[in-house]
Amino acid sequence: MKDAIEALVESNSNEKLKQIGKKVLSHNRISDEECVYLFEQGSLSFVGFLANFIRENLHGNKTYFNRNFHIEPTNVCVFSCKFCSYSRLYANREEGWELSIDDMVDIVKKYDGKPVTEVHIVGGVHPKMNLAYFVELIQKIKAHRPSLHIKAFTAVELDYMFRKARLSIEEGMKTLKEAGLQSLPGGGAEIFHPDIRKLICDDKVDAEGWLRIHETAHNLGIHSNATMLYGHIESYAHRVDHLSRLRTLQDKTGGFNTFIPLKFRNSNNEMSHVAESSIIEDMRLYAIARIYLDNFPHLKAYWPMLGRQNAQLSLAFGVNDLDGTIDDTTKIYSMAGSEETKPVMNTEELVNLIRQAGRQPIERDTLYNEIQDYSHVTHFTDVVNLN
Ligand code: V47
Ligand code: SF4
């Protein structure tokens, strides 16, 4: 296999691409400038072969998924990101939803006896849902089901919560950790570069704040994910700036589990005039992210945003994780124009999707400990479709 890729790299008539390819095949890190060049000049097949080489070196054929469900406490939000199809401003909150702690614990109870391992909790930034509210929520979920891993709150939600509570990031994170929070999702990162950030999400936490929150979490032993909202008004240089800041922090802490590119969807938001990226551009981005982020163990395709078939395709372009069953009772993804109007897959559907792509389905927990190899499983225990 390596011989075939070496031959492909060697036969490239572009000397610079050839040098970058050789670097990747000998496990050397590419520079920011080389990464921009890959975005500008790397064909889908060129970056795809390199990314697949890295992916198979790290994980072989293994493709991870997780049995999880989502809770969105509210879609009311004090911020006004231009790409957001989901939030309702606090002033218009009659159009929104606000779940009480009991409502959310009831959602958790619906999974009693089902083999889910993770609850993912992310929502809008509601001015009345403060740190004390979320501490109580986490404690009640943990009291009900101690083994359920709680992955909750983007850096945007945390920044607001801690500032309102007048706590330092470290104090706030420690409080949530003591309550039972175990890891952080990667949302809110968008595009770090200030030139873009000020145009698409001016009023929420900036790049430095986002990175500081994740760094503090890592230092407290809380792992996290990182995202990038791509395919709108950002340039290749902005993407590389974003990836570079993540790679630098990961060198320092090693606390990121996975990188999740989020494809910008243009329905029902203030950026509907911006065209969505092509599938080829999506796959090139996955591949280049896999090549550049040499210190990130995992690359995830978030199928509700990308669509099932494209997520399946991404398994040939560096991706080794498909998130999970997700079971989401709200409408965040269909609102933004995703193909997935109801983001739920049962275990059998997920496993088949991975098998059809010629990969080996492995159920993981949030921290990527392997739970079960599904290569030869024929009988499935359902965890979703509860409604
Ligand atoms: O930060 C909002 C994105 C994110 C749109 O860590 C949009 O496992 C595309 O954090 N088009 C929140 N994307 C979601 C998130 C997440 C999701 C899945 C897994 C994980 C994880 C984290 O959703 C926001 C923003 O970047 N988003 N609007 C849109 N129109
Ligand atoms: Fe609020 Fe998040 Fe939507 Fe921004 S992306 S408006 S922070 S819910």
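Let's start with a helix pair: helix α10 (residues 207-219) packs against helix α11 (residues 236-253) with the axes 11 Å apart and an angle of about 20° between them. That angle makes α10 roughly parallel to α11, since anything under 35 degrees counts as such. The crossing of these two helices is right-handed. Keep in mind throughout that this is a predicted model. If you want to pick out the contact in your viewer, select Ala207, Glu208, Trp210, Leu211, His214, Glu215, His218 and Asn219 on the α10 side, which meet Arg245, Leu246, Leu249, Lys252 and Thr253 on the α11 side.

Helix α2 (residues 15-25) and helix α3 (residues 32-41) have axes that come within 11 Å and cross at roughly 120°. With that angle, α2 and α3 are therefore oblique to each other. Here α2 passes α3 in a left-handed crossing. On α2 the contact is made by Lys16, Leu17, Ile20 and Lys23, and on α3 by Glu33, Glu34, Tyr37, Leu38 and Gln41.

Next up is helix α16, which covers residues 347-356. Its buried residues are Thr347, Leu350, Val351, Leu353 and Ile354. These residues sit on the same side of α16, because they cover an arc of only 155° around the axis. At its start, a side-chain oxygen of Asn346 reaches to within 3.2 Å of the backbone nitrogen of Glu348. After α16 comes Gly358, with a positive phi near 80°.

Arg67 is found in the loop between β1 and β2 (68-71). Is this arginine buried or exposed? Arg67 is buried, with a relative accessible area of 5%. Its side chain also has a polar contact of 3.3 Å with the side chain of Glu363.

Backbone angles give us two more stops. As a general point, most residues other than glycine have a negative phi. Arg166 is not a glycine, yet has a positive phi of about 55°. Look for Arg166 in the loop between α7 (155-164) and α8 (169-179). Arg166 is exposed, its relative accessible area being 76%. Tyr368, also not a glycine, has a positive phi of about 70°. Tyr368 lies in the loop between β12 and β13 (370-373). At 10% relative accessibility, though, Tyr368 counts as buried, the limit for that being under 20%.

Our last stop is Leu229, in strand β8 (residues 223-230). Leu229 is buried, with a relative accessible area of 9%. Which residues does Leu229 touch, not counting those up to four places away in sequence? The list is Phe83, Glu190, Ile191, Leu262 and Phe264. As for Ala152, 77 residues from Leu229 along the chain, the C-alpha atoms of the two are separated by 19 Å.

Terms used. Residues numbered from 1 in each chain as written. Chains lettered and ligands numbered in written order. Heavy atoms only, no water. Buried < 20%, exposed > 50% of the residue type's maximum accessible area, 1.4 Å probe, protein only. Helix = DSSP H or I, 4+ residues; strand = E, 2+ residues; numbered from the N terminus. Arc of directions from axis to C-beta. Polar contact = N/O pair within 3.5 Å; in protein donor to acceptor, adjacent residues only side chain to side chain. Axes fitted to C-alpha atoms, helices over the stretch in contact; angles between N-to-C directions. Parallel < 35°, antiparallel > 145°, perpendicular 65-115°, else oblique. Left-handed = near helix turned anticlockwise from the far one by under 90°. Contact = heavy atoms within 4.5 Å.
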